[in-house]
Amino acid sequence: MKISIPLFIATLVFALSTTQGVSQMQTVDLSLGADYEKQSFYSLSMGEQANVDNTNWDIAFDLTPFGSGIRINGGTGTKLYSWPNGKIADWASVDTLGLSTWKSLNNSDTSWGIGAFNMNSNGSSTDLGWGIYNTVTHAVEGDSIYVIVLADKSVKKLEITKLKSGTYSFRHANLDGTGEVMNTVKKSDYAGKRLAYYSLKNDQGLDREPADWDLVFTKYVTQLAPGVYYGVTGVLLNSDRTAQKASPVGDPETYSDYQSGTFLTAMNTIGYNWKRFNMQTFSYDLADSTCYFVKDQNLDVYRLVFTAFDGSSTGDISFKQEKLTKTSTSIAEQNNNAGFSIYPNPANDVVNVTFEGEGQLMITDMSGKTLQQHLSDDNGWQVITLDIAELSRGAYLIHWVSENQRITRQLIVE
């Protein structure tokens, strides 16, 4: 049953506007704790949103509508291997004979949607690594068995059985078959989040991310050279943010010519190499004459300059940030773009959205919580039909965010 809300809430959208001046320089201090056991999810406009334990999860599932990426907690030392001696039908026969010669699988550090479980794909558009996309049933059906070595060095066998209608099904067990667990993760249970996390040790799904964040300060694994992977501590971008590095510059705390550079979408654009370990002083030196520009989901630009990094003893990080752009845009002004439209409106079960180019489409509630998000990498005109049957009656916002613009429309669900 759909629940009604007071009518005046639906009219608030017409009064919404933001007028934000360029901010003053701010100094920010964060801590990941000793041995980097924490993660800090950070919003450029609102500050740190969550500082959470980074050791309590083992695998994480992509929550985007068409995503099928599955990641491991590589920052804690978790290792993943594709069992080379059989397929899912051979579940009872899994062993670790020859494990030392197997190639470990690692997450991409450029895209959230490509995890370690996706890395044994044969390159086919239907082979997603852990399973094969069925063009008839529109499900991804698992075809691989994995051996996972957890941070505490315990070893389990694991298969991702299926992804269908937004639900991942999987099972895991000890190598001898004891302790077998079959479980599911539903994307709809984590609305507005990027990943759903899971502890194999505790058989528990974890909701670890705040609703709004631009950067996560964390330990992760990167490729230092071909075939050489190493744990580093740095900064990763949320999936709909972009960034660029400016170096060398005369004064990184005043340099503001971001127009001459290119904003990149890779999640590791900031990464870890804004610091370097000094073998003489046994401490970290920060990169000279370097700043970073980050564009948030509202397309506002912030300058970041790192000022301190204390290493694994405390995990303390300090930087300075300053907002460089000024936004003064009402929803009425944003809507002066005939190329973006939604229909029908009011709507009931589905709504059609037309737009042009690459970007992200989002549905949020009136508080700004993201309920759906859809990515487009097509430069042409598109029409997407969104399923809104699960939304309660009331007012919502549909946002189109691209490199050059942000457009917002009000949607009424009846």
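## Nonpolar cores

How many residues does the largest nonpolar core have, and which have the most contacts inside it? In this predicted model, that core has 25 residues, and those with the most contacts inside it are Ile59, Phe61, Leu80, Phe117, Trp130, Val185 and Tyr198. Two or more residues are given to this core by each of the strands E5 (59-62), E6 (70-72), E11 (146-149), E12 (155-164), E13 (167-174), E14 (181-186) and E15 (195-199). Strand E12 provides the largest share, three residues.

Another core, of 21 residues, lies apart from this one; Leu32, Trp274, Tyr292 and Phe319 are among them.

## Contacts of Leu80

Leaving aside residues up to four places away in sequence, Leu80 touches Ile72, Lys103, Ser104, Leu105, Ala116, Phe117, Tyr146, Val147 and Ile148.

## Aromatic pairs

The structure holds 23 aromatic pairs. One of them joins Trp57 and Tyr197 in an edge-to-face arrangement, with 5.0 Å centre to centre and 75° between the planes. Trp57 lies in the loop between strand E4 (47-53) and E5, and Tyr197 in strand E15, so the pair ties together parts that are 140 residues apart in sequence. Trp57 is buried, with a relative accessible area of 7%, and Tyr197 is buried, with a value of 3%.

Ring pairs also link a cluster that includes Tyr36, Phe217, Trp274, Tyr292 and Phe319.

## A surface patch

Leu224, Val228 and Tyr230 make a nonpolar surface patch of about 290 Å². Tyr230 is placed in strand E18 (residues 228-237) and is exposed, with a relative accessible area of 51%.

How values were computed. Residues numbered from 1 in each chain as written. Predicted model: local features only at pLDDT ≥ 70, side-chain atom pairs only at ≥ 80, totals over all residues. Heavy atoms only, no water. Patch = residues over 30% accessible without salt bridge, like charges linked within 9 Å, V, L, I, M, F, W, Y side chains within 5 Å. Areas by Shrake-Rupley, 256 points an atom, 1.4 Å probe, with all protein chains shown as cover. Salt bridge = Lys/Arg side-chain N within 4 Å of Asp/Glu carboxyl O. Helix = DSSP H or I, 4+ residues; strand = E, 2+ residues; numbered from the N terminus. Buried < 20%, exposed > 50% of the residue type's maximum accessible area, 1.4 Å probe, protein only. Core = buried A, V, L, I, M, F, W, Y, C linked by side-chain atoms within 4.5 Å. Contact = heavy atoms within 4.5 Å. Phe/Tyr/Trp six-rings, centres within 6.5 Å; stacked < 30°, edge-to-face > 60°.
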